Amino acid sequence: MTATEERPTPMGYGPMNRKEDARFVRGHGNYVDDIVLPGMLHGAVLRSPYAHARILSVDTSAAQAHPKVRAVITGETLAGLNLAWMPTLSHDVQAVLATDKVRFQGQEVAFVVAEDRYSARDALELIDVDYEPLPPVVDARKALDADAPVIRDDLEGRTDNHIFDWETGDKAATDDVFDRAEVVAAQDMLYPRVHPAPMETCGAVADLDKITGKLTVYTTTQAPHAHRTVYAMVAGLPEHKIRIVSPDIGGGFGNKVGIYPGYVCAIVGSIVTGKPVKWMEDRSENLMSTSFARDYHMRGEIAATRDGKILGLRVKVIADHGAFNGTAQPTKFPAGFFGVFTGSYDLQAAHCEVTGVYTNKAPGGVAYACSFRITEAVYLVERLVDVLAYDLGVDPAQLRMRNLLRPEQFPYESKTGWEYDSGDYPKALRLALEQVGYEELRVEQAAKRDRGELMGIGVSFFTEAVGAGPRKHMDILGLGMADGAELRVHPTGKAVLRLSCQTQGQGHETTFAQIVAEELGISPDDIDVVHGDTDQTPFGLGTYGSRSTPVSGAATAVAARRVRERAKLVASAMLEVSPDDLEWEKGRWFVKGDPAASKTISEIALAAHADLELPEGVEGHLDAACVYNPPNLTYPFGAYVCVVDVDAETGQVKVRKFVAVDDCGVRINPIIVEGQVHGGLADGVGMALMQVMAFDEDGNHLGGSFMDYLLPTSMECPSWELGETVTPSPHHPIGAKGIGESATVGSPAAVVNAVVDALRPYGVRHADMPLTPAAVWRAAQGDPIRTDLAIT
Amino acid sequence: MRVTIEINGRTVTDEVEDRTLLVHFVRENAGLTATNIGCDTTSCGACTVLLDGESVKSCTVLAAQADGHKVTTLEGLSGPDGEQHPLQRSFRQQHGLQCGFCTPGMIMASASLLAHNPKPTRDEVREGLEGNLCRCTGYHNIVSAVIEASGQEVDR
């Protein structure tokens, strides 16, 4: 392809250049920090230097006296407004500004509003807080010890750090399978605490109009409607007087789902000063205080026959949730969708128990493309299968092939109650192995081993569960997880589609126009996609968990089909035939047997707004809406193979090759799907090799900047090699499944499996992420690899 | 202090504090918001601009240091009639951006890279862009975009 060739716009699905790029490549995106309002002030947050300490006093007098400071807000100020604490997405509460104690390093203690961002930061230095340090809880595995300090003494009657116990599967049946099994392989593993670290941090511009009483908040949110409702509940403001605008968002990755104290402080700042207040956190604040991801201490057991038939899985998890349980997931799923840990395999029984605990760390847990804990679930099972292969001395790819669910088993009800919609797993795995040249690689590896060189091949096969979800069992804070779409065709045949989901770079402005184009035959170039403004768009729960295509994509297709049916009635009046005599061809209704007698969607749109006499009961205009309550999740899947070269002298791991075969059903825009996969694969390499948010024994955050929290650059990522199979979702209106998080979910295990495979000559059976050069080097010296930094 | 910087061919003069960072001057005093801030440790490169033709991270230059110099931001890369720079076209064509937040810095760093090495290999592009983090694309398509803008055949 040469530089001058512009890709033509398809009339529906297919490769299409993105509409939103037109502004981004010119620097005309509109992100929160780009917003400037008349009289706007700037806020900054004072944060705790301690992980756990009692607050004895907060003296703000010097800060108040700063000539450019307009307001200093403390926990006491907020307590007066009943806003010192706010509800979390897990039915816990979180301190907005600390009043009694601080419970993690970086926690919000005071908020300064000043005339410019420099002065606001200056004034933070003038606030004097007297702390009495308390012993912190850092290691989640010790959080329930009898002598562990109680973190949440704010909660009535709370005498320990226990949050919840949750279990799934059949314990008796699983124990029975394990009792009878010929082989049992067990492995402790940590999925370390990491952070989504979107390039743009979190921020808001809050603007309360005192005359109209209307509050407008421009903010980095993946779920603007949910934010509006929560603000209404928390602040007692009438919901129609709250407008949330999520403008262009510089990446979300789950980091921008929840409500952060900074947003609330900006709103209070605007209420107090009567001016718009901007709050934009810096990177270290983002890493230290906003939603982390993972932090699952897992003990997995896998039972099998001696010849490699997997029989069962048994799992125990300690989940570190930090100081406030702010985990974002449906109410009835405190461990998210970890229940899909049985993965892609046909087994007889499974059981798992998850215990959530408080520690002196920032809240979070569900973020970073995890699809509600499926990252952890997939990592666990894909590591366990490799451990089993190691113990049995068999090839890990063959072991998987032997145990994968077969196409004829779908829809398949898993042993933990999930109904997988569709899949052809062996086909995807075969394709990946073929594409990577698996047999040849094993030959090359053997030769290299003979020469003392370290090379590893890692396989991962995953099943995702995305598109939350059916409202009968999925809600967030009581809000059912259905999403709306409203489609309006203008008189001249151009259209506007309004959505409740909120892109953060995933290309919704393009792909959702393509769905309408496919259904109605209106060019995607002629369809404007509106999202992110709660005054302009239908209610819904936003974009995370790869739910946009499964839920809002379905809503869009259904709304477009309703428009098509309305158009049919209008066309029948235009053509003076019965609607039953009409047939649809993309873009027009025509009379059966007389294709020349037809009306295009554009002609119909004009007629629908004109003086044409319409049949009884048919309203004019051409629009429709849909609230889509999904009947089930979608279950995309994939087969990944990673090839690494390891330098035994330095411990350096080089990802040489990565083949990713993904199946997300029907692909609306293959270019965008591939871009989603590329990004997720980089996440996997980053988590497996570099990223960790570690803490020392005092609870100091050791990964609080990009100097320590390492993200993969162009140098750590190989040229990704993708493949695809297409197994549509039978229940979805267009057969599409989510894809956004698949690669982040599926790839870490492939990388770790590859590195462990490379280290086989040293007898390494498991290694915890991140596999930094130091960790790998230690393993090559014969020391076990443990992520001791992350668990002190 | 008073600083005068020629930004995208336009002279911008303003009174600023000594400590004002160039990135804030560009965004707030000149009102050019393409240039973004992604970190506080000079790691991410979202703020990359050209200073007298060389790429710099504008979060790590004082506005005062740029006094009397020429700065080019992404807004200045398009021609006077809105004609896009080959990199702007190729980033779109190759889907080298998603959320778009790293894009301004990435394109400016790429412009500098191509000025120094007009026909880079894929590996050379990767080395040249090591100072620019992207969280969305996994870099693959960015590399392709730079290759395309250099007039070379893109071998994906």
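Buried residues are those under 20% relative accessible area, exposed ones those over 50%, and partly exposed ones those in between, with a 1.4 Å probe and protein chains only. Helices (H or I, at least four residues) and strands (E, at least two) are DSSP runs, numbered from the N terminus. The model is predicted, with local features needing pLDDT of at least 70 and side-chain atom pairs counting only at pLDDT 80 or more, while totals for chains, interfaces and linings use all residues. Residues are numbered from 1 along each chain as its sequence is written, chains are lettered from A and ligands numbered from 1 in the order in which they are written, and side-chain values use heavy atoms, with hydrogens and water left out.

Helix α18 of chain A, residues 773-780, has as its buried residues A775(A), V776(A), A779(A) and A780(A). Seen down the axis of α18(A), they fall within an arc of 140°, so they line one face of the helix; the arc is that of the directions from the helix axis to the C-beta atoms. An α-helix has 3.6 residues a turn, so residues three or four places apart point the same way. The cover over the buried residues of α18(A) includes β32 (637-646), β33 (653-663) and α17 (742-758) of chain A. After α18(A) comes G782(A), with a positive phi near 95°.

The loop between α17 and α18 of chain A holds A767(A) and P770(A). A767(A) is buried, its relative accessible area being 0%. The peptide bond from M769(A) to P770(A) is cis, with omega near -5°. Another cis peptide bond runs from F410(A) to P411(A), also with omega near -5°; P411(A) sits in the loop between α10 and β20 (412-413) of chain A.

Within α17 of chain A lies T744(A), which is buried at 1% relative accessibility. Leaving aside neighbours within four places in sequence, T744(A) is in contact (heavy atoms within 4.5 Å) with R294(A), Y368(A), A369(A), T375(A), G680(A), D683(A) and M687(A). One of these partners, R294(A), has a positive phi near 70° although it is not a glycine. R294(A) lies in the loop between β15 (292-293) and β16 (296-304) of chain A and is buried, at 0% relative accessibility. F372(A), again not a glycine, has a positive phi of about 65°. F372(A) is placed in the loop between β19 (364-365) and α9 of chain A, and at 4% relative accessibility it is buried.

Next, the nonpolar cores. A nonpolar core is a set of buried Ala, Val, Leu, Ile, Met, Phe, Trp, Tyr and Cys residues joined through side-chain atoms within 4.5 Å. The largest has 218 residues, and those with the most contacts inside it are F338(A), V354(A), L689(A) and F91(B). Helix α9 (residues 374-392) of chain A gives the largest share of this core, 11 residues. A second, separate core has 43 residues, among them F512(A), A560(A), I601(A) and A605(A).

F91(B) touches V25(A) as well as residues of chain B including L97(B), M106(B), I107(B), I142(B) and V146(B), not counting residues up to four places away in sequence. Helix α2 (residues 86-93) of chain B packs with helix α5 (residues 140-149) of chain B at an angle of about 135°, their axes 8 Å apart. Axes are lines fitted to C-alpha atoms, for helices over the stretch in contact, and angles run from 0 to 180 degrees between N-to-C directions. That makes α2(B) oblique to α5(B); angles under 35 degrees count as roughly parallel, over 145 as roughly antiparallel, 65 to 115 as roughly perpendicular and the rest as oblique. F91(B) of α2(B) is among the residues making the contact, as are I142(B) and V146(B) of α5(B).

In chain A, helix α10 (residues 396-403) and helix α11 (residues 425-436) pack at an angle of about 160°, with axes 10 Å apart, which makes α10(A) roughly antiparallel to α11(A). Here A397(A), R400(A) and M401(A) of α10(A) meet P426(A), L429(A), R430(A) and L433(A) of α11(A).
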